[in-house]
Amino acid sequence: MIKRIFISKDFTELAHLPAFCAEHSIDLIAQSCIQFSAVPFEVKKPFEVVFFGSVRAASFFLSSYSLPNGVEIACIGETTAEKLSELDLKVSFVGTKAGNPTEVGEDFITWLGDRRVLFPISSVSKESIVKVVPENQSEKVIVYETRAKESQVVNLDLAIFTSPSNLESFLLAGNKVPQQTIAWGNTTFQAMIASEIQATSTLANSTELELISVLNKLITQ
């Protein structure tokens, strides 16, 4: 029986999960295992498209850089697109399976064509999409730094890891991985395999609603 869940996202990042857990009398621990800080950056070449792999990358980038007229915005998936829309930004390309960056990358390179793209990224980015685009057609800029922070959590029935860096920090803090785990997409799934952790389930689209659907099945088994 699942009575205590951990997710490596803060409550402020969650729109639906807290209500779902309350409805099913599940104790939810929601806290990121990492912290972030802005990094000075310089864009060296003109670009026609900017690709955001996360809401955080967009926030740090846009807080100190104004997009030139005519630049199109692309992003990893629906959740990021929704947040960008809330900032009154029009998104021209949205990955259909954020949990599988390889697949998103294939769709993106087809959509991009021969245009130049800028990738604002984290200091620990896996650069899954960056690697798909030829180097002479792209530029990457580190716009924020990701650092571990100690988060002690105990007596978990299920843990949801939302990124490789969150997983790494969770383990560094000496936390015990419960028997049931969920990977927030394929990149995190691969990081779990590398740490010899078996995922009970892996999200394909990396959305809260998909997560709730998976949890609903698990708690009714």
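This is a predicted model: local features need pLDDT of at least 70, side-chain atom pairs count only at pLDDT 80 or more; totals for chains, interfaces and linings use all residues.
# Briefing: strands, helices and cores

Val 49 stands opposite Val 117 in strand S7. Strand S7 covers residues 117–122, and two bridges join S4 to S7.

- Strand S4 spans residues 49–52, and both of its faces are covered.
- Which residues cover the two sides? Val 49 and Phe 51 lie on one side, Val 50 and Phe 52 lie on the other, and all are buried.
- The cut-off for buried is under 20% relative accessible area.
- S4 and S7 run parallel.
- S4 also pairs with strand S5, residues 72–75, in the parallel sense over four bridges.
- Within that pairing, Val 50 has Ile 73 of S5 as its bridge partner.
- How does the chain get from S4 to S5? The path goes through helix H2, residues 55–62, and this β-α-β crossover is right-handed.

**From S5 on to S6**

- S5 is joined to S6 by three bridges, and the two strands run parallel.
- Ile 73 stands opposite Val 91 in S6.
- Strands of a sheet pair through backbone hydrogen bonds, either parallel or antiparallel.
- S5, helix H3 and S6 make up a right-handed β-α-β unit.

**The open sheet**

- Five strands form an open sheet, and their order is S2-S1-S9-S10-S11.
- The pairing in this sheet is parallel.
- S9 (residues 158–161) and S10 (residues 180–183) pair over four bridges in the parallel sense.
- Phe 161 stands opposite Ala 183 in S10.

**Helices across the sheet**

- Helix H6, residues 186–194, lies across S9, S10 and S11.
- H6 runs at about 135° to S10.
- Helix H7, residues 208–219, lies across S1 (4–7), S9, S10 and S11.
- H7 runs at about 160° to S10.

**Two nonpolar cores**

- The largest nonpolar core has 20 residues.
- Which residues have the most contacts inside this core? They are Ile 5, Ile 7, Leu 17, Ile 182 and Leu 211.
- S1, helix H1 (17–23), S2, S9 and H7 each supply at least two residues of this core.
- H7 gives the largest share, five residues.
- Leu 17 touches Ile 7, Leu 28, Glu 208, Leu 211, Ile 212 and Leu 215, leaving out residues up to four places away in sequence.
- A second, separate core has 18 residues, including Val 50, Phe 52, Phe 60 and Val 71.
- Val 50 and Phe 52 also lie on one side of S4, where both are buried.

**Loop residues**

- Asp 88 sits in the loop between H3 (78–86) and S6 (91–94).
- Is Asp 88 buried or exposed? Asp 88 is exposed, with a relative accessible area of 71%.
- The phi of Asp 88 is near 60°, a positive value in a residue other than glycine.
- Glu 127 has a positive phi too, about 55°, although Glu 127 is not a glycine.
- Glu 127 lies in the loop between S7 and S8 (138–148).
- Lys 131 also lies in the loop between S7 and S8.
- Lys 131 is exposed, with a relative accessible area of 64%.
- A polar atom of the Lys 131 side chain lies 3.4 Å from the backbone oxygen of Lys 126.
- Lys 131 and Gly 105 are 26 residues apart in sequence, and their C-alpha atoms are 8.6 Å apart in space.
- Glu 196 has its place in the loop between H6 and S11.
- Glu 196 is exposed, with a relative accessible area of 78%.
- Glu 196 and Pro 120 are 76 residues apart in sequence and 31 Å apart in space, C-alpha to C-alpha.

Notes:
Residues are numbered from 1 along each chain as its sequence is written. Side-chain values use heavy atoms; hydrogens and water are left out. Two strands pair if DSSP finds at least two bridges between them. Contact means heavy atoms within 4.5 Å. Axes are lines fitted to C-alpha atoms, for helices over the stretch in contact, and angles run from 0 to 180 degrees between N-to-C directions. Buried means under 20% relative accessible area, exposed over 50%, partly exposed in between (1.4 Å probe, protein chains only). A crossover is right-handed if, with the strands pointing away from the viewer, the path from the first strand over the helix to the second runs clockwise. A nonpolar core is a set of buried Ala, Val, Leu, Ile, Met, Phe, Trp, Tyr and Cys residues joined through side-chain atoms within 4.5 Å. A polar contact is a pair of N or O atoms within 3.5 Å; within protein, one must be able to donate a hydrogen and the other to accept it, and residues adjacent in sequence count only if both atoms are side-chain atoms.
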